Amino acid sequence: MVALVSQENIVALARTGRHLQRYSKGRRQVVGCIPYRYKISQQASVKDAKELQVLVISSQKGKGMLFPKGGWEKDESKKEAALRETMEEAGVRGVVEHELGHWSFKSKTYDTYYDGYMFPLLVQEELDLWPEMDFRQRKWMSVSEAREVCQHWWMKEALDILVSRMGSKPQHDEDQKVVTSSLS
């Protein structure tokens, strides 16, 4: 059976609570994405005119900007959780690519450590309505702007890895396994 979900009903799809959250050795497992796109400027050569842009969101507490991330739940793969969190928090969907890395960090809010995993997400759709649209602002910006405003050191490291990866490989890897959103 296939269920069609309208964009208006997508706000109701957000998961809440932590009863399905994954923990490993006492550390909460979180996943996130760096949503990106290429802005094509009006120059003679399309190859030279591509500018990488990334999407940042405001913190729910209103203190700075970050990339979307949240809890990895027991019934999801890391990529599925990253895609879900990105749709819930930033209102974008697309192709989740190969993991950027794994970081251990201490929560600024709670006196506990987390394990964080980040993925690049090539944005294919920007939603008008999304679950956390009333709590977060989203903004496309250049990599250097995002690096300045991002409040987490480990997310900045993930961004650096993404930029390095983009400069060292073809932009479309046909052999790469990806997860795309099944919500339509």
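This is a predicted model: local features need pLDDT of at least 70, side-chain atom pairs count only at pLDDT 80 or more; totals for chains, interfaces and linings use all residues.
1. Start with strand β7. One face of β7 is covered, and Gly-101, Trp-103 and Phe-105 make it up.

2. Next, the partner of β7. β7 and β8 pair in the antiparallel sense, over 6 bridges. A hairpin of 6 residues joins β7 to β8. Within this pairing, Phe-105 stands opposite Tyr-114 in β8.

3. Now the aromatic rings. The structure holds 5 aromatic pairs. One of them is Trp-72 with Tyr-117, an edge-to-face pair at 6.0 Å centre to centre and 80° between the planes. Trp-72 sits in the loop between β5 and α2, and Tyr-117 sits in strand β8 (residues 113–126), so the pair ties together parts that are 45 residues apart in sequence. Tyr-117 counts as buried, because its relative accessibility is 12% and the cut-off is under 20%.

4. A second pair has another geometry. Phe-105 and Trp-154 are stacked, with 4.4 Å centre to centre and 10° between the planes. Phe-105 belongs to strand β7 (residues 101–106) and Trp-154 to helix α4 (residues 153–168), so this pair ties together parts that are 49 residues apart in sequence. Phe-105 is buried at 8% relative accessibility. Trp-154 is buried too, at 1%. Ring pairs also link Trp-103, Phe-105, Tyr-114 and Trp-154 into a cluster.

5. Look again at Trp-72. What is its place in the chain? Trp-72 lies in the loop between β5 (69–71) and α2 (78–90). Trp-72 is buried, with a relative accessible area of 13%. A polar atom of the Trp-72 side chain lies 2.8 Å from the backbone oxygen of Glu-76. The C-alpha atoms of Trp-72 and Arg-84 are separated by 9.5 Å, and these residues are 12 apart along the chain.

6. Arg-37 lies over the face of Trp-140, at 4.0 Å from the ring centre.

7. Then the core. Nonpolar side chains tend to be buried together in soluble globular proteins. Here the largest nonpolar core has 42 residues. Which members touch the most other members? They are Ile-34, Phe-67, Met-118 and Leu-159. β8 gives the most to this core, with 7 residues. Leu-159 touches Ile-34, Val-54, Phe-67, Val-143, Ala-146 and Arg-147, leaving out residues up to four places away in sequence.

8. Last, strand β2 and its partners. Strand β1 (residues 23–24) and strand β2 (residues 27–40) pair in the antiparallel sense over 2 bridges. Ser-24 stands opposite Arg-27 in β2. Their hairpin has 2 residues between the strands, and Lys-25 takes a positive phi near 55° there.

9. β2 also pairs with β8 in the parallel sense, over 9 bridges. Gln-29 stands opposite Asp-115 in β8. With β5, the pairing of β2 is antiparallel, over 3 bridges. Gly-32 stands opposite Lys-69 in β5.

Key
Residues are numbered from 1 along each chain as its sequence is written. Side-chain values use heavy atoms; hydrogens and water are left out. Helices (H or I, at least four residues) and strands (E, at least two) are DSSP runs, numbered from the N terminus. Buried means under 20% relative accessible area, exposed over 50%, partly exposed in between (1.4 Å probe, protein chains only). A polar contact is a pair of N or O atoms within 3.5 Å; within protein, one must be able to donate a hydrogen and the other to accept it, and residues adjacent in sequence count only if both atoms are side-chain atoms. Rings of Phe, Tyr and Trp (its six-membered ring) pair if their centres lie within 6.5 Å; planes under 30 degrees apart count as stacked, over 60 as edge-to-face and the rest as tilted. A charge sits over a ring if NZ of Lys or CZ of Arg is within 6 Å of the ring centre and within 35 degrees of the ring normal. A nonpolar core is a set of buried Ala, Val, Leu, Ile, Met, Phe, Trp, Tyr and Cys residues joined through side-chain atoms within 4.5 Å. Contact means heavy atoms within 4.5 Å. Two strands pair if DSSP finds at least two bridges between them.
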